[in-house]
Amino acid sequence: MPLERETLIWLYRTMTTIRHFEERGIPEVGQRALSGSVHSSAGQEAVPTGVCAHLSDDDYIGSTHRGHGHCIAKGVDPKLMMAELFGRSTGSNKGKGGSMHIADMSKGMLGTNGVVAASVPLAVGAALTSKLKKLGRVAVAFFGDGAANQGVLHECMNLASVWKLPVVFCCENNGYAESTPVEYGLSVANVSDRAPAYNMPGFLVDGMDVFAVYEAAGEVVARARAGDGPSLLECRTYRFYGHTVFDNPLTYRTKEEEEHWRALDPLKQFRERVVPEGLLTAEELDQMDQAAEQMMEEAIKFADESPMPEPAEIYEDVYVNYPIDQMKRGTNMAV
Ligand SMILES: Cc1ncc(C[n+]2csc(CCOP(=O)(O)OP(=O)(O)O)c2C)c(N)n1
Ligand SMILES: [Mg+2]
């Protein structure tokens, strides 16, 4: 079925916002010499976009270390994300989390996560909450091809299937875990081949084509929402840049391979399809690109002008409600 004009606009606006956040924002973080790694998801925009198009603020997602795209697609404000990356108190998490700890519960964004596969059980837990409380919400667990080989993922897939939880396991297979090619560590040809072992449907889609992701995600999200249980959706994609900002030069992959995937750029493919078909005009797409560019300039300015957190804020938002005076004096915290 042809997509509504509003949906097409949302898909492109989301993808170009992610692309601009990664390409404009990440170098700025480096220039400010903030410590910690930052991972660009440029090239992978079609996956979070095509999936989150089917989710509302009430639904949940669990993300990864490469999670800016997930946040943006789930509705987190890029301005607050930029301030978070800059370590400012106006950031989505008061500047105390950084790139790998962006969470926004008002958007059902359970958090980017520096521990590979660790947000999968969070998403499964959220799906369990939804089922027990009859909330009708769906959870999506995003994870990479490297994470696909972590034990916790298998426990989660098993339990989610046994309990028929409303969760989608979405593998972003970008071909590498750091510098390790996927074929080196995967016992099967495709991550989605493992789905039958957990008695759930598995789908393998072109993760550079937002229409393909959108269609498959529509099916698995609807299945979860209807109470029919989990699915495994594998999206084949590629990161245009290194594993982190420090991963350069990329000695483990060839220029030819990079060019092959660059030609499949999801934004370019979208444009090449919708303009000739008369669904959107080139000018409309250009305007969305410019708006995203402008948004990033404003986000960088906002972040730059925001204060760093006060040292005393380190005692806020912690789990243990221990008397702050005693903590400040360095009192023994044995409980
Ligand atoms: C439990 C754990 N093991 C190892 C690491 C180090 N590490 C960070 S990212 C990464 C590779 C993850 O690859 P993949 O899941 O394919 O995600 P991608 O980086 O390709 O998006 C590794 C091994 C970690 N952060 N956590
Ligand atoms: Mg990977």
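Tutor: Let's start with what counts as a pocket: on a 1 Å grid over the protein atoms alone, it is an open set of points with protein on both sides within 12 Å along at least five of seven lines, whereas a cavity is a set of points where a 1.4 Å probe fits but cannot get out. A molecule sits in one of these if more than half of its atoms lie within 2 Å of its grid points. By that test, ligand 1 sits in the largest pocket.

Some housekeeping: this is a predicted model, where local features need pLDDT of at least 70 and side-chain atom pairs need 80 or more, while totals for chains, interfaces and linings use all residues. Residues are numbered from 1 along each chain as its sequence is written, chains are lettered from A and ligands numbered from 1 in the order written, and side-chain values use heavy atoms, with hydrogens and water left out.

Now the surroundings. Ligand 1 has 15 residues around it (a heavy atom within 4 Å), and the closest are H65, R66, G114, G146 and Y176. That shell splits into 5 nonpolar, 7 polar and 3 charged residues, with Asp, Glu, Lys and Arg counted as charged, Ala, Val, Leu, Ile, Met, Phe, Trp, Tyr, Cys and Pro as nonpolar, and the others, Gly among them, as polar.

For polar contacts, look for pairs of N or O atoms within 3.5 Å. E178 has a side-chain N or O atom 3.2 Å from a nitrogen of the ligand. The protein covers 72% of the 570 Å² of accessible area that ligand 1 has on its own (Shrake-Rupley, 1.4 Å probe).

E178 is worth a glance for its backbone too: its phi is near 55°, positive although the residue isn't glycine. You'll find E178 in the loop between β4 and β5 (180-181); strands are DSSP runs of E, at least two residues, and helices are runs of H or I, at least four.

Then there's the magnesium ion, ligand 2, coordinated at 2.1 Å by D145 (OD), N174 (OD1) and Y176 (O). Donors here are N, O and S atoms within 2.8 Å of the metal (3.2 Å for Na, K and Ca), and water isn't among the atoms, so sites may look incomplete. Along the sequence, the donors are spaced D-x28-N-x1-Y.

Definitions and conventions: A polar contact is a pair of N or O atoms within 3.5 Å; within protein, one must be able to donate a hydrogen and the other to accept it, and residues adjacent in sequence count only if both atoms are side-chain atoms. On a 1 Å grid over the protein atoms alone, a cavity is a set of points where a 1.4 Å probe fits but cannot get out, and a pocket is an open set with protein on both sides within 12 Å along at least five of seven lines; lining residues have an atom within 4 Å of a point.
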